[in-house]
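Let's walk through this fold together, going from the sheet to the ligand. Have the viewer open and follow along.

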Amino acid sequence: MKIIIINGPNLNLLGKREPEVYGNKTFEDYFADLQFRFKEVQLEYFQSNIEGELIGKIQEVGYSYDGIVLNAAAYTHTSVGIGDAIKAVSTPVVEVHISNTHKREAFRHVSYISPVAKGVILGFGLQSYDLAIRSFME
Ligand code: DQA
């Protein structure tokens, strides 16, 4: 089973970015844990701060991979383009967020990803990614 985690803008700063919201761990350290725990899954990781690169990656993997775990970060709340890319591909996408976006500012309550995602997991810290991967294995 081939699953890719795609992270959007500023998620490369995990570990030092607002640790009270996003925790102290870098994504690279967490990803190594995931690879250890999900040995039976071929896991990949891609991060970009650029909307077009995120769309390009969704198009590239979206007809051959078994699942996409997508945290589009701030683009979640603005990007018609990422929503359209998800609609265009055949690989199912699970939307994840580290924080509970519904507990936060009103602009974070809007998502262009949720209406086209297979499901949404948010608010469980980095564990949101674990749950998303598991959802593809069921
Ligand atoms: C986030 C929530 C978004 O609102 C924010 O812009 C992020 C991270 C999360 O994982 O909680 O960058 O997607």
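Ile-5 has Tyr-45 as its bridge partner in strand 2. This is a predicted model, in which local features need pLDDT of at least 70, side-chain atom pairs count only at pLDDT 80 or more, and totals for chains, interfaces and linings use all residues. Residues are numbered from 1 along each chain as its sequence is written, and side-chain values use heavy atoms, leaving out hydrogens and water.

Strand 1 (residues 2-7) runs parallel to strand 2, with 6 bridges between them. Helices (H or I, at least four residues) and strands (E, at least two) are DSSP runs numbered from the N terminus, and two strands pair if DSSP finds at least two bridges between them. Helix 2 (residues 27-37) packs on the sheet and touches strand 1 and strand 2, contact being heavy atoms within 4.5 Å. The direction of helix 2 makes about 165 degrees with that of strand 2; axes are lines fitted to C-alpha atoms, for helices over the stretch in contact, and angles between N-to-C directions run from 0 to 180 degrees.

Now zoom out. The open sheet has 5 strands in the order 2-1-3-4-5, with parallel pairing. Strand 2 (42-47) and strand 5 (119-122) each have a single partner strand, so one side of each lacks a neighbour in the sheet.

Finally, turn to the ligand. One of its oxygen atoms is 2.6 Å from an N or O atom in the Ser-99 side chain, and an oxygen atom of the ligand is 2.8 Å from an N or O atom in the side chain of His-97 (polar contacts are pairs of N or O atoms within 3.5 Å).

Note on methods
Polar contact = N/O pair within 3.5 Å; in protein donor to acceptor, adjacent residues only side chain to side chain.
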